Amino acid sequence: MAGAVLGAITILFGLVGMNGAHEKDSGQIRIFAQFLLFALLVCFGLAVMDYVVLSGCEDTGMDLTKGERNPTMDILSRTGMCMEFRTGFLVFAVIHFLLTLFFYFEVKSLVDVMTSGLGHKIRW
């Protein structure tokens with residue numbers, strides 16, 4: 001749920017960043033860079049929490065005595081795919097983290113160039 005909310009908010013901040021790039025407004029691009037850093041931290045926290053839940057996959061079943069029901073974890077547990085799923089999740093989470101970190105540094109360097117006035121303007 002939190003990931004979906006973050007994804008929806010990302011669309012809004014992405015539009016702010018695109019508008020800032022179009023209008024050459026470093027303030028809007030800086031806002032987008034700050035959001036990327038925030039999103040990076042939130043995604044890292046969500047990935048850690050999800051991995052903790054996935055680490056108990058083998059022990060998870062349809063334990064109706066606890067009042068908890070998780071059909072997806074039950075299927076993973078019964079088919080013996082917990083380790084493969086955890087590995088795939090971890091690979092995806094690391095790639096996502098590294099890509100977001102790369103985009104953050106690229107956007108941040110764009111803001112630095114725009115505010116320092118060191119950029120080279122090409123005139124046609």
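Predicted model: local features only at pLDDT ≥ 70, side-chain atom pairs only at ≥ 80, totals over all residues.
Student: Which residues of helix 3 are buried, and on how wide an arc do they lie?

Tutor: Helix 3 spans residues 71-79, and its buried residues are Met73, Asp74 and Leu76. They sit on the same side of helix 3, because the arc they cover around the axis is only 165°.

Student: Which exposed residues are on the face of helix 3 turned away from its buried side?

Tutor: Buried here requires under 20% relative accessible area, and exposed requires over 50%. On the face turned away from the buried side, the exposed residues are Thr72, Arg78 and Thr79.

Student: Which helices do the buried residues of helix 3 pack against?

Tutor: Contact is counted for heavy atoms within 4.5 Å. By that criterion, the partners of the buried residues of helix 3 are helix 2 (26-55) and helix 4 (82-116).

Student: Which residue just after helix 3 has a positive phi, and what is the angle?

Tutor: The residue is Gly80, which comes just after helix 3. Its phi is positive, at about 75°.

Student: Which cysteines form a disulfide, and how many residues apart in sequence are the parts they tie together?

Tutor: The sulfur atoms of Cys57 and Cys82 are 2.0 Å apart, so the pair meets the limit of within 2.5 Å. Cys57 lies in the loop between helix 2 and helix 3, and Cys82 lies in helix 4.

Student: Is Cys57 buried or exposed?

Tutor: The relative accessible area of Cys57 is 0%. The cut-off for buried is under 20%, so Cys57 is buried.

Methods: Residues numbered from 1 in each chain as written. Heavy atoms only, no water. Buried < 20%, exposed > 50% of the residue type's maximum accessible area, 1.4 Å probe, protein only. Helix = DSSP H or I, 4+ residues; strand = E, 2+ residues; numbered from the N terminus. Arc of directions from axis to C-beta.
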